[in-house]
Amino acid sequence: MGKLLVKETEEVRKMKALVREIIERVADKWTMLVLEVLEEHGVVRFTRLGELVGDISQKMLTKTVRQMERDGLVTRTVHPVIPPRVEYQLTELGHSLGAAFCGVWIWAEEHWGEIELARKAFGEGGQRG
């Protein structure tokens, strides 16, 4: 019976570590922006994806979509033409993540004014040193 408890504890630790890793990865700026673009536009070519995300280097876009593909959030389709045409689209898992983040976007839109006022007040003497 003791072994069962140890095994469950190890599994719980592994699960928590994986959840932290996933949150760390998907909650970054570029993943959220790529997610938003793909949610809005569906199937998007690599170059167009970079244009729609805006202000992202090709290296960072490549890194972001590779991580998203590894995590099962996007599918990458390479069409065998010259030059190769590469397209990305959200998987069902990616769509479900978009739905989860939708609440954060709505919250930010509803409270941006309050945050702006708080930042202004902080800048006018609320700073601690």
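This briefing walks through the charged contacts, a surface patch and a strand pairing of the structure above. The model is predicted: local features need pLDDT of at least 70, side-chain atom pairs count only at pLDDT 80 or more, and totals for chains, interfaces and linings use all residues. Residues are numbered from 1 along each chain as its sequence is written, and side-chain values use heavy atoms, leaving out hydrogens and water.

**Salt bridges**
- The whole structure holds 5 salt bridges (a side-chain nitrogen of Lys or Arg within 4 Å of a carboxyl oxygen of Asp or Glu).
- One of them pairs R70 with E21, with the closest N and O atoms 3.8 Å apart.
- R70 lies in helix α4 and E21 in helix α1, so this pair ties together parts that are 49 residues apart in sequence; helices are DSSP runs of H or I with at least four residues, and strands are runs of E with at least two.
- R70 is exposed at 61% relative accessibility, while E21 is partly exposed at 34% (buried is under 20%, exposed over 50%, partly exposed in between, with a 1.4 Å probe and protein chains only).
- R85 and E87 also meet in a salt bridge, at 3.3 Å from N to O; here R85 is partly exposed at 27% and E87 is buried at 17%.
- Shared partners link E21, R25, R70 and D71 into one salt-bridge network.

**Strand pairing**
- Strands β2 (residues 74-79) and β3 (residues 85-90) pair in the antiparallel sense over 6 bridges (pairing takes at least two DSSP bridges).
- A hairpin of 5 residues joins β2 to β3, and R76 has Y88 in β3 as its bridge partner.
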